Amino acid sequence: MQRRSVIAAATALPFSAPGLVSAQGFTPQNPECIAPAAPGGGFDITCRLTTRVLQETGISPVPIRTQNMPGGIGAVAINNINAQRRSDPNVIVAFSTGSWLNMAQGRFGRFGENDVRWIGAIGADYGVICVKRDSPFNNLQDLMNGFRQNVAGIPVGSSGAVGSQDWTKVALVARAAGQDPRRMRYVPFEGGGAAMAALLGGHIQVFPGDASEIRGQYEAREIKILAVLSPNRLPGVLADVPTAKEQGVNIEWPIVRGFYGPPQMPDAAYTWWVDAIRRLQAHPNWAEQRNAQGLFEFNMVGEEFSAFAKARTAEYRQLARDVGIVPAQ
Amino acid sequence: MMETLSALGGGFAVALTPFNIMLALVGCIVGTAIGVLPGIGPLNAIALLLPFCLALRLPPESALILLAAVYYGSGYGGRITAILLNMPGEPSAVLTTLDGHPLAKQGRGGAALAISGIGSFVGATLSVVAMTFMSVPLAKIAVAFSPADYVALIAFALSLLGAVGGVSAPKAWGAGCFGIMLALIGVDSGTGVERFTFGSLEMLGGIDFTVLAIGLFAIGEILLLVETTMRAEAAKIGGGQRLTAKELVFCLPAMMRATGIGFVIGVLPGAGASVASALSYTAEKRINEGNGKFGQGDMRGVAAPETADNAAQIGNLVPMLSLGIPGSGTTAVLLGALLMYNITPGPLLFEQKPEVAWGLIASMYVGNVLLLALNLPLVGVFARLLSVPASVLYPGVLALSFAGVYAASNSAFDLIMSVVFGVLGWLFRKMDIPLVPIVLGFVLGRMLEDNLRRALALSDGAVSALVESPVSIGLWVLTVGALLWPLFLAFRKGRA
């Protein structure tokens, strides 16, 4: 059922020119964007930013309401969608790379990447590996050598538990150094801000944060950034920081932000939403609005994005087994 | 010094434009209202107001003046329902119920409102002064505070729990432990393992503070009122005799101490206004052991926590402005507001955007004067709230409480939870089990566990790391002293 509808949507896509949208028989009615978190967080911003620009640009003929549905970092929302609104054409839900990790680690109950329809991404932030100004580590290889000498000797801290996004970033570095990530001395903090405070205070040595949240401290040269975990160098203040790839370590960590719809969203509605996100990405006003939220360009929608989301989740599932976060099956 | 003053002067040039004064006023009114309403906190309000600032194309300094006024204005609101109805509007106003409500019952509700308003003003304004001159060095000291130091600080706060019990210390300790147990529910922050969730998705995120506080205080209080007849109580409570100058002078030393405690705790990222108000109340009670009627309506018991609350709120802005590090959820949203204006929060903010940083600081001097001017004349109006017949007032409060719970989480499950806690709160009242230690145990227990695990993870399990720094040693000495002090007093009494 699911597979068939994805194919149908994909074949419909090339013909969905803007003017044809309503001709295809779908106009959203009282559409809603669910932010599976309290106001103020990343999910909330994803919804509010997108819905505001969709309306300002006229891509959506009607305003889209943002509804906050916190609980279990998205678990409550995906359950709600699957239990009560399986075929609702008027609802989309914000997600991030963290949602893929949660699906991969079975944290969303029985629901996984095949229980939603992936609509598209609106942008991405990228992981960075930070150390304090006076740290002995000057590049990624230094840190990996440190891990090789004593993987438990370098205190690493960030927001989120073992298995979370921030943990995984630095776990990949430890693994690339041939070490067992579970032996890392990892200290979870409540939010990236607290972890940054611990780094500046010298309580931890490494902080695997996000590019958008560390700009201020980097500009003031309070911290050094060993690597950005992006395919190419990032524009702006961080342009002089090399990627992990440049340093011979094949690690990328995009924090993708975007939307999914209910598992049985009708094809006409799915096509409309995919097309709306595509037109949003192409709109001349979009880049500035997106950049203001600390998001870099990451344009992918529809079938291509659906395949990407599923591949990523599978990859994370394998990683979680490899490093022993979930038992191998 | 001169440099700071001229920079502050530049800030006043920004803050004193009619437009920005008006925005500060709007923010103060919204903030006070948000503070009064249970469940709806400054975090939600700021997140919802931010898009309006962008849509109205307010310049960044104006937007920040407005949003920050909502934030520190909320510190003035939480006390009103705490004093009059025994229902704290904000987490940090929980302590205010202890002496505030007995005062209201004795017909001194108006005086309690006045002294807490003045305390809020004193705490906030002195803290803004401290922030003006010592922001950067303070922030540097704050980040040096290690997880082990936090453990000692929280242990110290917990050691004072016995003091908030009123009647019986064992009951207070038991209630505190119950609160700590509640804090353990949810996904474990260190390993991601689910604890005590009984497989329920709604419990994954743990129990929300709003749900617990509204259940125990608001719903529990109303259940008790339904049972005992409502008539007698409501008629007696009232505004009554005004605050006298003598009482104000009597409270001044308590306010000064509370400002110090509140500001220092507030500057530490990761402590917060609840810890500050709890510490200052219990410290005041311990200092004045034997003289005073804490728990039965002591003015200082109202002044201290409210002063500390507002001082801590301002302190929280110090690491945000000088290092770009949020000290709480609300300051994180304020930082997000800067990002939306393409301003990078960080150590260079004062150099790159002086009009924003200094404009905000100057506006806080203005805003707190506005808040005092708003709040004092309204004392009579608020106090008259209680002349509304109970049959109208309490159903209204109940509706607002449920609206607050639902607004905080959009979850029907949380509504049920709040009723469960309401029934518990009613039972606890009947058994004379104090509620404040439950709430404090809940807040402090979570912080204690997180920091203890951080400290032990950093030291690779060596317990000795907990007593390595001078700060932590000093706090442990105070903790032991606080635990032994009642024993010492009892011993002396026994000999006399």
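Residues are numbered from 1 along each chain as its sequence is written, while chains are lettered from A and ligands numbered from 1 in the order in which they are written. Because the model is predicted, local features need pLDDT of at least 70 and side-chain atom pairs count only at pLDDT 80 or more, whereas totals for chains, interfaces and linings use all residues.

Chain A is divided into two parts: domain 1 (2-124 + 255-322) and domain 2 (125-247). These bounds come from an automatic or database domain assignment. Taken over C-alpha atoms, the centres of domain 1 of chain A and domain 2 of chain A are separated by 29 Å. Between them, 10 residues of domain 1 of chain A are in contact with 9 residues of domain 2 of chain A; two residues are in contact if their C-beta atoms, placed from the backbone, lie within 7 Å. On the side of domain 1 of chain A that touches domain 2 of chain A, the largest share, 3 residues, comes from helix 4 (residues 97-104) of chain A. Helices (H or I, at least four residues) and strands (E, at least two) are DSSP runs, numbered from the N terminus. By class, that side of domain 1 of chain A has 6 nonpolar, 4 polar and no charged residues. Here Ala, Val, Leu, Ile, Met, Phe, Trp, Tyr, Cys and Pro count as nonpolar, Asp, Glu, Lys and Arg as charged, and the others, Gly among them, as polar.

Strand 3 of chain A is mostly covered, with 6 of its 6 residues buried. A residue is buried if 20 or more other C-beta atoms lie within 10 Å of its own, exposed if 12 or fewer, and partly exposed in between, with C-beta atoms placed from the backbone. Both faces of strand 3 of chain A are covered: A:Val91, A:Val93 and A:Phe95 are buried on one side, and A:Ile92, A:Ala94 and A:Ser96 on the other.

What pairs with this strand? Strand 1 (residues 32-35) of chain A runs parallel to strand 3 of chain A, with 3 bridges, and A:Glu32 stands opposite A:Val91. Two strands pair if DSSP finds at least two bridges between them.

Strand 9 (residues 254-261) of chain A has 7 of its 8 residues buried, so it is largely enclosed by the rest of the structure. Strand 9 of chain A is also joined to strand 4 (residues 117-132) of chain A by 8 bridges, and these two strands run antiparallel. There, A:Trp118 stands opposite A:Tyr260. Helix 3 (residues 75-84) of chain A has buried residues as well, namely A:Ala75, A:Val76, A:Ala77, A:Ile78, A:Asn79 and A:Ile81. The buried residues of helix 3 of chain A pack against strand 1 and strand 3 of chain A.

The two chains also meet: 45 residues of chain B are in contact with 41 residues of chain A. On the chain B side, the elements that give two or more residues are helix 3 (42-55), helix 6 (109-144), helix 13 (299-323), helix 14 (329-340) and helix 19 (436-458) of chain B. The side of chain B that touches chain A divides into 24 nonpolar, 16 polar and 5 charged residues.

Inside chain B, the axes of helix 3 and helix 14 come within 9 Å and cross at roughly 10 degrees. That makes helix 3 of chain B roughly parallel to helix 14 of chain B. Axes are lines fitted to C-alpha atoms, for helices over the stretch in contact, and angles run from 0 to 180 degrees between N-to-C directions. Angles under 35 degrees count as roughly parallel, over 145 as roughly antiparallel, 65 to 115 as roughly perpendicular and the rest as oblique. The residues of the contact of helix 3 of chain B with helix 14 of chain B are 10 nonpolar, 2 polar and no charged.
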